[in-house]
Amino acid sequence: MTAFVFNEINFDNHEQVVFASEPKSGLKAIIAIHNTHLGPAMGGCRMWNYATEAEAVRDALRLSRGMTYKNAVAGLPIGGGKSVIIANPKTDKTPALFEALGEALNRLGGRYITAEDIGTSPADMASVAGKTRYVAGLGDRGDPSPFTALGCFVGAQAAVKHQLKRDSMEGLVVAVQGLGHVGYDYARRLHAAGARLIVADIDAAALKRAQEEFGAEVVSVDAIYDVPADIYAPCALGASLNPNTLLRLKAKIVAGAANNQLASAEMGDACRQKGILYAPDFVINSGGIIKVCYEYFNTPEDGMDAHVRRIGDTLAEIFARADSEDVATSVVADRIAEASFKR
Ligand code: NAD
């Protein structure tokens, strides 16, 4: 068999990669623990119909590494990990499958704590919780999205202050791509702060709601890159900052929730060259994991709002350092993370 873990491009000295299986339920999962220097690894469980096992391994390696960086910059006492289940989330879900995952987590003795992610829901996590305590993001109060949206909003405020030398959002135009759990709540905050919204989504109902509630202007999913806006807020897909879209964007600020916004690392530099202030995705979208971490450790929630709001301060520091060191904001964010999780 070809060794495809240690040679895989996303392998980054991960501490542990576990292949977990259970024949009765059909569980086939990969649990990647990237780094636990700051605490047990935490990151969601993705369920996806991966075409190949190699693709699933790649995703687990890439996403778990990303969680180490995100959790470190957010100042959380946790490391980075991620699990992926190879199955179709529309047809293959059973409670037994998630219970089997819970048993696999027990065998790791708490080195990895899971939560929901793409393809999994709070109900699935409840099944996991039937077998293990190493799971977070449970129940109605488990939805992290409003906190992710709050982090995006304070992040956008920090970006506006740095780039436009303004303390207010009043009258600014924000192009919001994706009005889902995070995007809609972020849009609501922007609207309340006096921003004008231009929005795009594939969901007609979400667009209609935004039109009615915020007076938002609707454009097609492709046109969102071309609109005259002060802020581009990607809240849907990854890789939306690529050579094609960078040529088209008019906004001088990118501040949105989507994961993996840079199609390649060079896009961070490309933004800087173009005079676009990019709020690094794993910093601005960390409100959700802050919420999940507080919940998991039963940390009194009175400090949680302030913790999420510190995302604005962290971004202000990143923007200032990027200027003084003349490097991309994404590079500064990586350096801050690495300084805190590397021994
Ligand atoms: P979601 O699935 O609720 O929302 C995504 C929205 O994007 C949906 O309304 C969907 O219709 C829309 N969409 C899909 N394709 C589109 C396209 N081509 N153009 C425009 N809109 C499109 O997801 P979410 O929880 O709101 O997360 C949004 C992004 O933020 C994702 O990238 C997610 O990984 C990231 N994120 C979310 C959280 C969280 O707390 N939910 C935390 C960190 C990062």
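**Close-up views of a predicted model**

**View 1. Thr 120 sits in the loop between strand E6 (112–113) and helix H3 (122–129).** Helices (H or I, at least four residues) and strands (E, at least two) are DSSP runs, numbered from the N terminus. This is a predicted model, where local features need pLDDT of at least 70, side-chain atom pairs count only at pLDDT 80 or more, and totals for chains, interfaces and linings use all residues. Residues are numbered from 1 along each chain as its sequence is written, and side-chain values use heavy atoms, with hydrogens and water left out. Thr 120 has 7% relative accessibility, so it counts as buried (under 20% relative accessible area, with exposed over 50% and partly exposed in between; 1.4 Å probe, protein chains only). Its side chain reaches the backbone nitrogen of Asp 117 at 2.8 Å. Beyond its neighbours within four places in sequence, Thr 120 is in contact (heavy atoms within 4.5 Å) with residues including Cys 45, Lys 93 and Met 125.

**View 2. Here is Thr 132, in the loop between H3 and H4.** Thr 132 counts as buried, at 6% relative accessibility. The side chains of Thr 132 and Asn 106 make a polar contact at 2.6 Å (a pair of N or O atoms within 3.5 Å; within protein, one must be able to donate a hydrogen and the other to accept it, and residues adjacent in sequence count only if both atoms are side-chain atoms). Not counting residues up to four places away in sequence, Thr 132 touches Gly 102 and Leu 105 as well as Asn 106.

View 3. A polar side-chain atom of Thr 148 lies 2.6 Å from a ligand oxygen atom, while a backbone N or O atom of Val 182 lies 2.8 Å from an oxygen atom of the ligand.

**View 4. Six strands form an open sheet in the order E9-E8-E7-E10-E11-E12, with parallel pairing.** Strands pair if DSSP finds at least two bridges between them. At the edges, strand E9 (217–218) and strand E12 (277–278) each have a single partner strand, so one side of each is left without a neighbour in the sheet. Strand E7 (residues 173–177) pairs with strand E8 (residues 196–200) in the parallel sense over five bridges, and Val 176 stands opposite Val 199 in E8.
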